[in-house]
Amino acid sequence: MKTIYKFLIFILLFLPVKFLFSQQPDEKRISIEVSVKDGKNQIASVIKSYTISYNRTLITPENNKSGETKAFYISLDFEKQDIPLLKAFVQNKSGLDGQITITDTFGKLPARKIEFKSAVMDLMTDQTTGDYHGMFMNLSCNVLIIDGLKIEH
């Protein structure tokens, strides 16, 4: 009977320690990077996530002929504030070409590439609260190429 009690005490004492060590945080599996070409300089930045949307209702026969309507929207959520990238978009009003690359650090998923042409910054948000800091940027563009598929309006 004493052996059973010792065994139960051993399990109760050391099993939680095993669970603590087994729950160590994993490294990030998906790496997402945005890069733009500003003249001769290539500016790259790590982002946490991105969202792409398309708004066809903005396109009317009048503004479609002029090519001024930018119906593709890209929202970028940065891991940290990126002043060189922000400066590139602020200084270049005509738009920048760039790409978003998504890679699986474990090598199990295929890499993805999203290219954008003549992107301009429509919105930028910089937020700091206590121990959190984030920067969000919304871009609009005319042409989007998703894994080699060119989408134009």
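The following legends describe close-up views of a predicted model.

Residues are numbered from 1 along each chain as its sequence is written, and side-chain values rest on heavy atoms, with hydrogens and water left out. Because the model is predicted, local features need pLDDT of at least 70 and side-chain atom pairs count only at pLDDT 80 or more, whereas totals for chains, interfaces and linings use all residues.

**View 1. The largest nonpolar core and the elements that build it.**
The largest nonpolar core holds 24 residues. Such a core is a set of buried Ala, Val, Leu, Ile, Met, Phe, Trp, Tyr and Cys residues joined through side-chain atoms within 4.5 Å; buried means under 20% relative accessible area, exposed over 50%, and partly exposed in between (1.4 Å probe, protein chains only). I100 and F116 have the most contacts inside this core. Two or more residues each come from β1 (30-38), β2 (41-54), β3 (72-78), α3 (83-91), β4 (96-104), β5 (112-129) and β6 (132-141). Helices (H or I, at least four residues) and strands (E, at least two) are DSSP runs, numbered from the N terminus. In soluble globular proteins, nonpolar side chains tend to be buried together.

**View 2. Helix α3, its buried face and its N-terminal cap.**
L85, L86, A88 and F89 of α3 are buried. Seen down the helix axis, the buried residues of α3 fall within an arc of 160°, so they line one face of the helix; the arc is that of the directions from the helix axis to the C-beta atoms. An α-helix has 3.6 residues a turn, so residues three or four places apart point the same way. The buried residues of α3 pack against β1, β2, β3, β4, β5 and β6, where contact means heavy atoms within 4.5 Å. At the N-terminal end, α3 is capped by D82, which places a side-chain oxygen 3.0 Å from the backbone nitrogen of L85. A polar contact is a pair of N or O atoms within 3.5 Å; within protein, one must be able to donate a hydrogen and the other to accept it, and residues adjacent in sequence count only if both atoms are side-chain atoms.

**View 3. Strand β1 between its partners β2 and β4.**
Strands β1 and β2 pair in the antiparallel sense over seven bridges; two strands pair if DSSP finds at least two bridges between them. K37 has Q42 in β2 as its bridge partner. The two strands form a hairpin with two residues between them, and G39 in the turn has a positive phi of about 70°. β1 also pairs with β4, again antiparallel, over eight bridges, and here T101 in β4 is the bridge partner of E33.

**View 4. Strand β5 and its antiparallel partners β4, β6 and β7.**
Six bridges join β5 to β4, nine join β5 to β6 and four join β5 to β7. Q99 stands opposite E115 in β5, T129 opposite Y132 in β6, and K117 has V143 in β7 as its bridge partner. The hairpin of β5 and β6 has two residues between the strands, and G130 takes a positive phi near 55° there.

**View 5. The aromatic pair of Y54 and F72.**
The structure holds one aromatic pair. The ring centres of Y54 and F72 are 4.8 Å apart and the planes lie at 25°, so the pair is stacked. Rings of Phe, Tyr and Trp (its six-membered ring) pair if their centres lie within 6.5 Å; planes under 30 degrees apart count as stacked, over 60 as edge-to-face and the rest as tilted. The pair links distant parts of the chain, with Y54 in strand β2 and F72 in strand β3, 18 residues apart. Y54 is partly exposed at a relative accessible area of 35%, whereas F72 is buried at 2%.

**View 6. Positive phi at S118 and D147.**
S118 in strand β5 has a phi near 50°, a positive value in a residue other than glycine. Its relative accessibility of 28% makes S118 partly exposed. D147, in the loop between β7 (143-146) and β8 (149-152), likewise has a positive phi of about 50° although it is not a glycine. D147 is partly exposed, with a relative accessible area of 44%. Most residues other than glycine have a negative phi.

**View 7. G107 in the loop between β4 and β5.**
G107 counts as exposed at 60% relative accessibility. G107 and R29 are 78 residues apart in sequence, and their C-alpha atoms are 9.1 Å apart in space.
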